[in-house]
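User: I have a protein model open and want to learn how to read it. Can you take me through a few features?

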Amino acid sequence: LFTSGSTGDPKGVVIKNNGFMNLVEWYKTTLNLSTKDTVFLSASVSFDLAQKNIFAPLLSGSKLFISEKQSLDYIEMVDLIERFNITVLNWTPTALAPLFLYEENFIKLSSIKYIVAGGEPLNLNHFKTWLKSEYSNSVLINTYGPTECTDVSNYYLVTNENLDSINNVPIGKAIPNVELFINDNLDDGSGELLIGGIGVSEGYLNNEPLTKEKFIYNLELGTRLYKTGDFVKYDELGNYYFVGRSDDQVKINGYRIELEDIENNMMRVDGVSKVAVLPKYEEGKVKYLTAYCIYTKEISSKLK
């Protein structure tokens, strides 16, 4: 699978069969998939989160729904969910949220059992009205995991029982056969998350230097680890929380974006002497990017 590149070159991640089967087994077991379920394939097949939605139904007897249209608006999606009795949705939080904005649509969404969010931080406020409604019997699952560790390494279940007690939704605990470690760097106990276990990939295709940089073998632990670049901390219950990044990478709609990549490409424009690209936040997550430039001469507005 290829990671979502920004202005740089996407990196091919060599996924292992047993790591992928472990992911699929966790998914179908956690969602209790059976012949009564229908999974909506709402993400592109090139997106890593789509893969488990293809194979888990095939291994559990569930239906897999694939729309005849490549692009759907949210009114069409709501109608399809009602018509085909969809029980499982898996998408980024930003993509899922508009489905649950309008209460008049809630009756059409009543078949949904599981909403699986991943790829970026989850804003619980976008889902609270739905989860508390009379039409909802849904469980919201917040997932976390890089492509380099086979899509999902952590998960946390949000139910009506814990809905009002959560301020910051954790990324939760490890899925089976995955190990989590924190490389402590800060006084508050937070540090970079290192992931080990069956889901850790073989590295990057034809890119040994980057593989050696991001994947390490810990002799003390006797295991191979992936350095996520994400800073986390955990609570007394063992749930992990995302704190921030150790570099300038951000995520928008689930896509990894390297700010430095954008800056370097803008510096190639004749007349540009300095560039700063900054993320703009709304409700605690990145909504868009803004670039600031210093020009040494006039440039055309028609840049290629």
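Analyst: We go from the whole chain down to single residues. Keep in mind that this is a predicted model.

User: What is the secondary structure of the chain?

Analyst: Count helices and strands. Here there are seven helices and 16 strands.

User: How does the radius of gyration of the chain agree with a compact globule?

Analyst: Compare the value with the one for a globule of that length. For 304 residues, a compact globule would be near 19 Å. The chain has 21 Å, which agrees. Its C-alpha atoms fill a box of roughly 60 × 55 × 40 Å along the principal axes.

User: How many of the residues are buried?

Analyst: Buried means under 20% relative accessible area. In this chain, 48% of the 304 residues are buried.

User: Is asparagine 142 buried or exposed?

Analyst: Asparagine 142 is buried, because its relative accessible area is 3%. The residue sits in strand β5, residues 139–144. Its side chain reaches the backbone oxygen of proline 170 at 2.9 Å. Beyond its neighbours within four places in sequence, asparagine 142 touches several residues, including Ala117, Tyr155 and Val169.

User: Which residues make the nonpolar surface patch?

Analyst: Met21, Phe55, Leu58 and Leu59 make it, and the patch covers about 410 Å². Helix α2, residues 48–60, gives the most, with three residues.

Notes: Residues numbered from 1 in each chain as written. Predicted model: local features only at pLDDT ≥ 70, side-chain atom pairs only at ≥ 80, totals over all residues. Heavy atoms only, no water. Patch = residues over 30% accessible without salt bridge, like charges linked within 9 Å, V, L, I, M, F, W, Y side chains within 5 Å. Areas by Shrake-Rupley, 256 points an atom, 1.4 Å probe, with all protein chains shown as cover. Salt bridge = Lys/Arg side-chain N within 4 Å of Asp/Glu carboxyl O. Helix = DSSP H or I, 4+ residues; strand = E, 2+ residues; numbered from the N terminus. Buried < 20%, exposed > 50% of the residue type's maximum accessible area, 1.4 Å probe, protein only. Polar contact = N/O pair within 3.5 Å; in protein donor to acceptor, adjacent residues only side chain to side chain. Contact = heavy atoms within 4.5 Å. Rg over C-alpha atoms; globule rule 2.2 N^0.38 Å.
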